[in-house]
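The sequence and structure come first.

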Amino acid sequence: MSATHQLKDDVVNYAWDNSHPPRLAVEPGDTVIFTTRDAADNYYSIDSTGADVKAKGPLVGHPLTGPVHVNGAEPGDTLVIDVLDVIPTLGFGWTAIRPHRGLLPVEEFPDEYLQIWDLSDGNLARMKHRDDIAIPIAPFPGIMGTALPEPGEHSTIPPRNNGGNMDIRHLCKGTTLYLPVSVEGALFSVGDAHAAQGDGEVCITAIEMAARVTLRIDLEAGSRIPEPHFRTAGPLCTNTNTGPSFVTTANGPDLFENAQRAVRYMIDHLERERGLTREEAYVLCSVCVDLKINEIVDKPNYIVSASLPEIVFT
């Protein structure tokens, strides 16, 4: 019979390292309720400002809760993670702009900036100092992953074949994630929860938050996959795709540059039509604007679009 376990964030790891001893051992089919710190290690408060971003310094590694040893898991198996629930635990979240990070270059955003969000009602993230913007909360863990086969410490910042910092907004309640197992026991960890995010997370952060994450962990023996897959419980983005959207497009031979221009056009639109500062607009693009590749077959130019759900304006 399956069991339910608790794993708190009083001890965390800041790197992928298959020598980290497991904090918990579970049977396939068990449920684990994780508490997780936010990406800044719970450094910010509801009263923090951009000065606190500069004082904190750069991210060294995301604080991860785990690892969990899954009994019977062997290299070549697939870990099956059912996301049962993700709940904010501190009542607020934050989004930061850091120079030299994110989609747009430092010349456009040279200063640190912090946006605090009120998450207290559990349904909407409300932008501090503006009463006209509220983002529907669709929480998910930005990082879920198994241990890497290579020894030593490996940064949590880039996504990898083990999953890791994928920041896929669709890995929310009801989704099933499939992860490759590369070491005995899988050694699964989770962290970096987000209250809401757009596809792209363009300013480098979403609405970052501490969370309680409930996951059911199962195993498919001998079912090898090269990289993560996932299955959703229904249509994508149902929290925001309920009304009109405003969409900017950019074309050219470089998808990264196209994405930059599409976001610049959206920032221009938000300044002009909605009265946001450029920093507020960049943050909004990160937490609710979806980047999409619309066309990639007609050389030499490809199309990237940025889609803004106008439901976020109250």
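Is Y44 buried or exposed? In this predicted model, Y44 has a relative accessible area of 5%. Y44 is therefore buried, since that term applies under 20%.

## Aromatic pairs

Four aromatic pairs turn up when the whole structure is searched. One of them joins Y43 and Y44 in an edge-to-face arrangement, with 4.9 Å from centre to centre and 75 degrees between the planes. Y43 and Y44 also belong to a cluster with W94, held together by ring pairs.

Y43 has a relative accessibility of 36% and so counts as partly exposed, whereas Y44, at 5%, is buried.

## Charges over rings

Y43 has a further contact, with a lysine: K56 lies over the face of the Y43 ring, 5.9 Å from the ring centre.

## Nonpolar surface patch

Which residues make the nonpolar surface patch of about 300 Å²? The patch is made by I293, I296 and V297.

V297 is located in the loop that runs between strand 18 (290-295) and strand 19 (302-309). Its relative accessible area is 64%, so V297 is classed as exposed; the cut-off for that class is over 50%.

How values were computed. Residues numbered from 1 in each chain as written. Predicted model: local features only at pLDDT ≥ 70, side-chain atom pairs only at ≥ 80, totals over all residues. Heavy atoms only, no water. Patch = residues over 30% accessible without salt bridge, like charges linked within 9 Å, V, L, I, M, F, W, Y side chains within 5 Å. Areas by Shrake-Rupley, 256 points an atom, 1.4 Å probe, with all protein chains shown as cover. Salt bridge = Lys/Arg side-chain N within 4 Å of Asp/Glu carboxyl O. Helix = DSSP H or I, 4+ residues; strand = E, 2+ residues; numbered from the N terminus. Buried < 20%, exposed > 50% of the residue type's maximum accessible area, 1.4 Å probe, protein only. Phe/Tyr/Trp six-rings, centres within 6.5 Å; stacked < 30°, edge-to-face > 60°. Lys NZ or Arg CZ within 6 Å of the ring centre and 35° of its normal.
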